[in-house]
Amino acid sequence: MPRTLAKRLDVILPSPTLAMSAKANALRATGADVFAFSVGEPDFEPPRHVLDAAKAAVDKGVSKYTAVTGIPALKTAICESTTRTRGWTPTPDMISVTVGAKHALFNLAIALYEPGDEVIIPAPYWVSYPEQVRLMGATPVIVETDEANGWRLTPEALEKALTPKTKAVILCTPSNPTGAAYPEKDIRGLLEVMSKHDAWLIVDEIYAELVYDGFQHVSAAKLAPEYPGMSEKIIVVDGVSKSYAMTGWRIGWCITPKAIAKQIDTVQGQSTTNPSSVAQSAAVAALTGPQDEIIAARDMYAKRRDAMVAGLNSIPGVKCRTPEGAFYAFADCRGLYGVDFNGKPIANDEELAFWLLEKAHVASVAGGSFGAPGYLRFSYATNEARIAGGIESIKAALAKAR
Ligand SMILES: Cc1ncc(COP(=O)(O)O)c(C=O)c1O
């Protein structure tokens with residue numbers, strides 16, 4: 001084998017959520033009925049008009065390269081939907097359409113982070129944030145948050161973590177993995193602190209459509225003009241994957257100041273070039289077409305959330321906070337430590353996740369992967385009957401083991 005692999009690979013880990021899905025798939029392949037609570041994707045198809053738009057694009061011969069960071073129609077549609085759903089209006093030259101939101105974050109990492117930089121990431125965090133920072137040779141600075149405070153970063157904790165080396169702060173609202181979301185007052189507190197520092201605020205709003213019980217998602221970018229200099233420092237990451245059930249279509253974007261968008265165009269022009277031309281046409285239809293299915297999905301997820309949270313809380317040893325949004329329940333499972341796993345007591349969240357998969361055929365993701373050991377993440381992007389079935393299966397496995 002020629003030489004060795006690049007040193008930068010020493011510092012990154014494979015995606016644990018994808019690893020758990022692979023294990024669950026392997027178990028399913030043996031004929032087992034696996035309760036797939038590990039996946040972060042909707043269990044239904046995109047709206048009909050989106051599928052039709054993709055077919056029409058194929059028939060029209062939309063099969064060539066497009067502009068690197070997206071067709072003008074999609075950039076315009078993103079600006080309009082940002083106005084409609086987030087209450088502020090970017091211009092098309094601020095938009096970079098990417099191969100999913102993860103790619104938008106990766107492009108930003110390439111464009112912004114370098115060795116010596118610190119990037120503040122509140123924990124629990126989405127797994128890719130620290131890995132992308134490390135891959136660029138920069139340092140993720142993980143700031144703990146408190147479940148009792150809704151897993152939200154406080155202005156005080158942010159202030160304490162900021163240093164002259166801080167290049168960016170990454171906020172996710174509503175959050176993967178906790179489902180916690182920041183109300184306006186909390187966003188304002190963070191903007192106040194950020195306005196005094198020379199660092200980017202990257203806000204991942206991929207789950208912003210999915211908030212429940214009347215919770216109002218408020219975009220930091222909408223409030224930014226009220227805080228000196230913040231409009232020039234805010235970056236929004238978004239996409240159609242979660243809200244329009246289009247995970248496999250791979251369309252995301254970031255909204256940045258123009259100068260950054262220009263750099264991202266260069267980065268992307270030397271890597272993926274444009275996201276799929278057909279998927280871009282479908283995304284235009286998603287953003288500009290009827291939005292009633294999004295509202296219906298929100299109501300459906302709210303019911304699923306209630307079923308999952310109540311189900312988890314009905315298991316002795318499990319405590320689960322009711323999340324404001326996204327489609328994840330993040331449960332404190334430390335009360336299950338000590339349960340017998342093939343002759344040995346379970347001692348951590350990873351062992352617990354494997355025990356659940358092996359003994360209850362329930363796929364979850366261990367909290368340690370998100371910087372929160374002791375917790376498990378359960379996705380409720382699945383129907384209520386499956387949620388009930390999974391909970392019963394956990395209870396039956398516990399009854400046998402205890
Ligand atoms: C918080 C968060 N951001 C970004 C993404 C990536 O989305 P996409 O599938 O569009 O790349 C995900 C997907 O799981 C996510 O949970």
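The ligand is surrounded by 13 residues, the closest being Gly100, Ala101, Lys102, Asn176 and Ser241. The model is predicted: local features need pLDDT of at least 70, side-chain atom pairs count only at pLDDT 80 or more, and totals for chains, interfaces and linings use all residues. Residues are numbered from 1 along each chain as its sequence is written. The ligand shell holds four nonpolar, seven polar and two charged residues. Ala, Val, Leu, Ile, Met, Phe, Trp, Tyr, Cys and Pro count as nonpolar, Asp, Glu, Lys and Arg as charged, and the others, Gly among them, as polar.

The chain has 13 helices and 15 strands. These are DSSP runs (helices H or I, at least four residues; strands E, at least two), numbered from the N terminus. Of the 402 residues, 50% are buried, that is, with 20 or more other C-beta atoms within 10 Å of their own C-beta, placed from the backbone.

Helices α12 (residues 349-360) and α13 (residues 384-401) pack at about 95 degrees, with axes 9 Å apart. Axes are lines fitted to C-alpha atoms over the stretch in contact, and angles run from 0 to 180 degrees between N-to-C directions. The two helices are therefore roughly perpendicular (65 to 115 degrees). Leu356, Lys359 and Ala360 of α12 meet Ser393, Ile394, Ala397 and Ala401 of α13 in this contact (C-beta atoms, placed from the backbone, within 7 Å). By class, the contact has five nonpolar, one polar and one charged residues.

Definitions and conventions: A residue is near a molecule or strand if its C-beta atom, placed from the backbone, lies within 6 Å of it. A residue is buried if 20 or more other C-beta atoms lie within 10 Å of its own, exposed if 12 or fewer, and partly exposed in between; C-beta atoms are placed from the backbone. Angles under 35 degrees count as roughly parallel, over 145 as roughly antiparallel, 65 to 115 as roughly perpendicular and the rest as oblique. Two residues are in contact if their C-beta atoms, placed from the backbone, lie within 7 Å.
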